[in-house]
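Welcome! Have a look at the sequence and the model, then read on.

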Amino acid sequence: MEDWWESDYMAFYTQTKATQVLQCLEKTTVLKLSYKDYHQLLKEVPKMVEFFLSKAVNGHISNQRRILSLMTLDAKERYEQFLKYYPSLIQRIPKTTLAAYLGLSRETLSRFFRES
């Protein structure tokens, strides 16, 4: 998603080996910031504290929304919630990827597309 930042945050903040892999589906700008340089940047540019906090909070909200939807919503409701929050992504990502993200089969997702 535009303007989102992704990382294996647990690995970054605990300085341990990463357990997650990110796969880019579209042209992407990748930025690298070491843990040491991150803390130096926060010291030298206090406004960056707010910037990184905002990115972290928004990412946490998105992750929590996804987890709760997988725990409490049925397949159709998860699809509709995705449409509500990320309408621009529906036509941009492969259906197989979207189905996996939503915890659905490709066939179930195709059925929802035909119903729309």
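Helix 6 covers residues 106-115, and its buried residues are Thr 108, Leu 109, Ser 110 and Phe 112. These buried residues pack against helix 4 and helix 5. Please keep in mind that this is a predicted model.

**The cavity**

- The count comes to 1 cavity of 30 Å³ or more.
- The largest cavity has a volume of about 100 Å³.

**Who lines the cavity**

- Ser 62, Arg 65, Arg 66, Ser 69 and Leu 70 are among the lining residues of the largest cavity.
- The lining also includes Arg 78, Gln 81, Phe 82, Tyr 85, Tyr 86, Tyr 101 and Leu 102.
- Sorted by class, the lining of the largest cavity holds 6 nonpolar, 3 polar and 3 charged residues.

**A look at Leu 31**

- You will find Leu 31 in the loop between helix 1 (9-14) and helix 2 (35-44).
- Is Leu 31 buried or exposed? Leu 31 counts as exposed because its relative accessible area is 63%, and exposed means over 50%.
- Leu 31 and Trp 5 are 26 residues apart in sequence, and their C-alpha atoms are 9.3 Å apart in space.

Definitions and conventions
Residues are numbered from 1 along each chain as its sequence is written. This is a predicted model: local features need pLDDT of at least 70, side-chain atom pairs count only at pLDDT 80 or more; totals for chains, interfaces and linings use all residues. Side-chain values use heavy atoms; hydrogens and water are left out. On a 1 Å grid over the protein atoms alone, a cavity is a set of points where a 1.4 Å probe fits but cannot get out, and a pocket is an open set with protein on both sides within 12 Å along at least five of seven lines; lining residues have an atom within 4 Å of a point. Grid points are joined across faces, edges and corners, and a volume is the space filled by probe spheres set on the points. Ala, Val, Leu, Ile, Met, Phe, Trp, Tyr, Cys and Pro count as nonpolar, Asp, Glu, Lys and Arg as charged, and the others, Gly among them, as polar. Buried means under 20% relative accessible area, exposed over 50%, partly exposed in between (1.4 Å probe, protein chains only). Helices (H or I, at least four residues) and strands (E, at least two) are DSSP runs, numbered from the N terminus. Contact means heavy atoms within 4.5 Å.
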